[in-house]
Amino acid sequence: MQSTRIFHVPPGSQDLLPDDVRRRRRIQRAWFELAEEHGYEEVIPPTFEYEEVFTRGGGEGLSARLIRFLDRDGRVVALRADFTSSLARMAATRLVDAPLPLRLSYAGKVYRQEAEGVGRRREAFQLGAELIGHPGPEADVEVLRMAVAFLRRLGIRDFQINLGDIRFIRPLLAGLGPREAERLREAIDRKDRAALADGARELGAPAAVARALVELPELIGRGEVLLRARSLASGAEAEEAIERLRAVDALLTPEEREHVVYDLGEIRGLGYYTGVQFEVFVAGAGRAVGFGGRYDDLLRLYGADRPAVGFALETDALAELLPAEAS
Amino acid sequence: MTGAPLRVALPKGRMMEEALRLFERLGSGIAPEDRESRRLILPSADGRFEFLPVKNVDVPVYVETGVADAGVVGLDVLLERGPDVLHPLDLGFGGCRLAVAAPEGTPYPHLPGGVTPRVASKYPETARRFFAERGLQVDLVHISGSVEIAPLLGLAHWIVDLVQTGRTLAENGLVVLDEVAPSTARLIVNRASHKLRLEEHQRLISQLEEALEGAASGAP
């Protein structure tokens, strides 16, 4: 048994051979070049952290996927599962006196437990940026713009950014027990009309909320969808969400706008997102190759109350998508 | 955007026949000579779709990975596999239920003497969740076919299986003890494809909805 084991790597890990490395390094070099042009400086967080760094902000989805071990003193340590969590900690502690806004970039591996058999790796390269200390739509657009510019620089043309704002949905889930809220969240995330209609009925939701829930799967499209969504907004928070997305839309160039789809049912992201959030899809990849959003409450966990927005892209997925002549 | 047909994974068997009838109502049936062929990919006559006939439990994999843009599959399979895909539409056909069954007279939900029940199923995840939610401890035995004979051969006390008409159960002297979940065919859609080819998916979903409403209100 032992003799065969040392010839393999564990499931979900992999060797990267010279060709694989060349593609990834090329992407990382292009990334840091672009990040520097935009005034972003690279930081390297530790490979392992106390698990709370990931569990407090990242939500259950991330907590359940940490690769943990006991440290010498008995504390639970986790391999880096998310750069944003680590960078938020850094920005709120070591960099707390740095002038704002703070622009940070990174590239490296994240480690997450994944089920076998659906083609997900347990270690994956990511790259990304965080803009800390700016609350406005200009900051949201700055990071969106970087993601768009970077994909174009890599020669990728056919891609869509799916953009929503969690504040549109939050009031619809207000006052529900954790189980009911989770059920509705899942139905929203799956655009499951039948389950949304059932959920609204069983929970005895007020007519306006029920209508918004059932319409959610349809609230996806170009700018005009924001007008449609406005009539369904339930309360001030949902209206703020629409106003923010409209402000973002107004700041985008026509060329950038071609790559943006507004999706009020977009709730995929990690637990710390508080406002706009998005996923990036590229033709040829069956899954999202990137995600991002606003996390205005995350730094407060470390005592520094600062708005922030950022994004991450999956470097491995991009490496597999690179046009052949460009690699 | 790409102009290529949308690829739709279909579960071989009766559900595929029903799904193809539904697509026929959209004007996207397949040519009769293709229907009998053993080709891996069956194009719709109007060129809008390509159908991938695959084993029903594999439909979610093809859709989740993006090999297929969409698929048709029973809710039972979705509950068991939990694929990361969109479920925009209940297609209504393929109705059945997942149920706990056992030979007539078998005690439920507790066996005498505090014996831990052994439960055979093709749906171990769904069964595990179901019993855990009720606070019942069971030993699950994962088998891949002829589940209804497991209690007769002494492999398990109970089974969790799909019940359509109940005839197979009755033929083996089994009765339903508890309901796990009802199931019907669902349209599932790959998350990336849904965004990259949004207009095509929105058109498909609304056309399917219309066709289903037409069928429900008695139109031909």
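This is a predicted model: local features need pLDDT of at least 70, side-chain atom pairs count only at pLDDT 80 or more; totals for chains, interfaces and linings use all residues.
Helix α1 of chain B runs over residues 14-25, which gives it 12 residues. From its first C-alpha to its last it reaches 17 Å, close to the 16 Å expected at 1.5 Å a residue. Which of its residues are buried? They are B:M15, B:M16, B:A19, B:L20, B:L22 and B:F23. Looking down the axis of α1(B), these buried residues fall within an arc of 155°, so they line one face of the helix. What does that set of residues pack against? On the strand side, the partners are β1 (6-11), β3 (49-54), β4 (70-74) and β11 (185-189) of chain B. A helix joins them too, namely α8 (198-216) of chain B.

Zooming out, chain B comes to 8 helices and 11 strands. Its C-alpha atoms fill a box of roughly 65 × 35 × 35 Å along the principal axes. Of the 220 residues in chain B, 43% are buried. Now take the contacts in chain B with a separation of 6 or more: 67% of them are between residues 24 or more positions apart.

Chain B is also split into domains. The assignment gives domain 1 as 6-94 + 184-216 and domain 2 as 96-182, and the C-alpha centres of these two domains of chain B are 30 Å apart. Where they touch, domain 1 of chain B puts in 4 residues and domain 2 of chain B puts in 7 residues. The domain 1 side of that contact in chain B has 1 nonpolar, 1 polar and 2 charged residues.

Chain A has its own pair of domains. Here domain 1 covers 1-158 + 283-327, and domain 2 covers 160-268. The C-alpha centres of domain 1 and domain 2 of chain A lie 26 Å apart. How many residues does each domain of chain A bring to the contact? The count is 9 residues from domain 1 of chain A and 9 residues from domain 2 of chain A. On the domain 1 side in chain A, the largest share, 8 residues, comes from helix α5 (residues 137-153) of chain A. By class, that side of domain 1 of chain A has 6 nonpolar, no polar and 3 charged residues.

Conventions: Residues are numbered from 1 along each chain as its sequence is written. Chains are lettered from A and ligands numbered from 1 in the order in which they are written. Domain bounds come from an automatic or database domain assignment. Two residues are in contact if their C-beta atoms, placed from the backbone, lie within 7 Å. Helices (H or I, at least four residues) and strands (E, at least two) are DSSP runs, numbered from the N terminus. Ala, Val, Leu, Ile, Met, Phe, Trp, Tyr, Cys and Pro count as nonpolar, Asp, Glu, Lys and Arg as charged, and the others, Gly among them, as polar. A residue is buried if 20 or more other C-beta atoms lie within 10 Å of its own, exposed if 12 or fewer, and partly exposed in between; C-beta atoms are placed from the backbone. The expected span of a helix is 1.5 Å times one less than its number of residues. The arc is that of the directions from the helix axis to the C-beta atoms.
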